[in-house]
Amino acid sequence: MKILSVNAGSSSLKFQLYNMPEEKVLISGLMERIGVGNSFYTIKVNGEKIKKEVELNNHEEAFETLVKELEENHVVEDLNEIEGIGHRVVQGGDYFDKSVVIDDDVLSKIEELSSLAPLHNPAAVIGIKAAKDVFPNAVQTVVFDTAFHQTMKKENYLYALPMKWYTDLKVRRYGAHGTSHKFVSERMNEILGRTDTKLITCHIGNGASISAVVNGKCINTSMGLTPNAGLIMGTRCGDIDASIIPYVMEKTGMTAKEIDTAINKESGLLAISQKSSDSRDIEDGIASGDENCILAQKMYVRRIVDYIAKYYVEMNGCDAIIFTAGIGENAIDTRRDVLNELGSLGIYLDEEANNVRGKERLISTKDSKVECWVIPTDEELMIARDTMELL
């Protein structure tokens, strides 16, 4: 069974075609600058990576180009070989607690929730409609970033705000990165050989979130109504005193849109380091003695430690802490700095084992009370698995 996993952005299309259930990747790629000029794409097939420049005016043209690559590389001889297409959608609200087959009602709800994810949901809708046009016989499914977090109880997802904001405006904690948290927690349970576990999953990338997972179910997560909650991130501020917003608006005359841009695109590591939003640049700055980069790293690590400690207490212990995503999988120094702050919980880092990037590995010592792992995430594979299950 061939299943295509799709992640459509406003001007991009990331894809991966699997042969299931073997989970073999047949072709993968990323199309960029769709509809904005100077578009191009890269594909990886038969171990070879190819980059091509081609004008892609919309997502339908991007899918048509994908079809051309599938046929020219003999990945498929007939489009009907692709039985399912799974789409990633960021915001499913409280409508969806699992992946679903797309129908008119599902598509309508995704569009309705666009105000909660204005950069992501509209792009996903465009991708879904384009895929339906180009692959009319494939079953289209959707995997929601928020679905995994729908198992949270009210005391964890409600804010202490006027109740009408929740009932009328849907203001509540939704979380994000759920597909990744689900993938690594399932893999961790496989490694431990049981499902009655207490896990802390740390998806640490340019966007970052931490979840508490008990017996395979999310009970709490750091992101909120939007992805700008919880941890300090590349350009997002994370948790702040909400009264800062009206104070700054009154003092500076900034508009709501300008404030939104500031806290989402001009804050985080970028703001504190005054250098970059990329953790690799922060590490280089630390190595050269840059005081702003040193401060940014200390603040960044402190917030991660705070959430791990919070969830450790909330779950009354923990079986494993998992690091994943770009920074979690590759930033050796950040993992070291975080785990060295958790000694009071009986958590100890194996420095030699921690010297790893992008590979699954146990990085805690034998006498550590909590196992600490690096587990590379694979959201596209999780999408393919869910789609196969629905088929």
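User: How do I read strand pairing, and which residue is the bridge partner of isoleucine 322 in strand 14?

Analyst: In general, two strands pair if DSSP finds at least two bridges between them. Helices (H or I, at least four residues) and strands (E, at least two) are DSSP runs, numbered from the N terminus. Here, the partner of isoleucine 322 in strand 14 is tryptophan 373. Alanine 320 also has a residue opposite in strand 14, namely glutamate 371. Strand 12 (residues 320-324) and strand 14 (residues 371-374) run parallel and are joined by four bridges. Before we go on, please note that this is a predicted model: local features need pLDDT of at least 70 and side-chain atom pairs count only at pLDDT 80 or more, while totals for chains, interfaces and linings use all residues. Residues are numbered from 1 along each chain as its sequence is written, and side-chain values use heavy atoms, with hydrogens and water left out.

User: In what sense do strand 13 and strand 14 pair?

Analyst: Strand 13 and strand 14 are antiparallel, with two bridges. Look for leucine 362, which stands opposite tryptophan 373 in strand 14. Now step back to the sheet: six strands make up an open sheet in the order 11-10-9-12-14-13, with mixed pairing. Strand 11 (217-221) and strand 13 (361-362) are the edge strands, as each pairs on one side only.

User: What is a salt bridge, and how many are there by this rule?

Analyst: A salt bridge is a side-chain nitrogen of Lys or Arg within 4 Å of a carboxyl oxygen of Asp or Glu. The count here is 18 salt bridges. One of them joins glutamate 111 to lysine 129, at 3.4 Å from N to O. This pair links distant parts of the chain, with glutamate 111 in helix 2 (residues 104-112) and lysine 129 in helix 3 (residues 121-134), 18 residues apart.

User: Where do lysine 164 and aspartate 168 lie?

Analyst: Both are in helix 5 (residues 163-169), four residues apart, which is about one turn of the helix. Another salt bridge connects arginine 280 and aspartate 278, at 2.7 Å from N to O. Salt bridges that share partners also join Arg187, Glu190 and Glu360 into one network.

User: How do I read accessibility, and is alanine 123 buried or exposed?

Analyst: Buried means under 20% relative accessible area, exposed over 50%, and partly exposed in between (1.4 Å probe, protein chains only). Alanine 123 has a relative accessible area of 2%, so this residue is buried. You will find alanine 123 in helix 3. Its C-alpha atom is separated by 8.9 Å from that of valine 89, 34 residues apart along the chain. For contrast, arginine 280 counts as exposed because its relative accessibility is 58%. Aspartate 278, at 23%, counts as partly exposed.

User: Which residues form the negative surface patch?

Analyst: Patches are made of residues with over 30% relative accessible area and no salt bridge, with like charges joined within 9 Å. Asp and Glu count as negative. In this model, the negative patch is formed by Glu71, Glu72, Glu77 and Asp78. Aspartate 78 sits in the loop between helix 1 (59-72) and strand 6 (82-89). With a relative accessible area of 39%, aspartate 78 is partly exposed.

How values were computed
Patches are made of residues with over 30% relative accessible area and no salt bridge: like charges are joined within 9 Å, nonpolar side chains (Val, Leu, Ile, Met, Phe, Trp, Tyr) within 5 Å. Accessible areas come from the Shrake-Rupley method with a 1.4 Å probe; for residues, only the protein chains shown count as cover. The place of a charge is taken as NZ of Lys, CZ of Arg, CG of Asp or CD of Glu.
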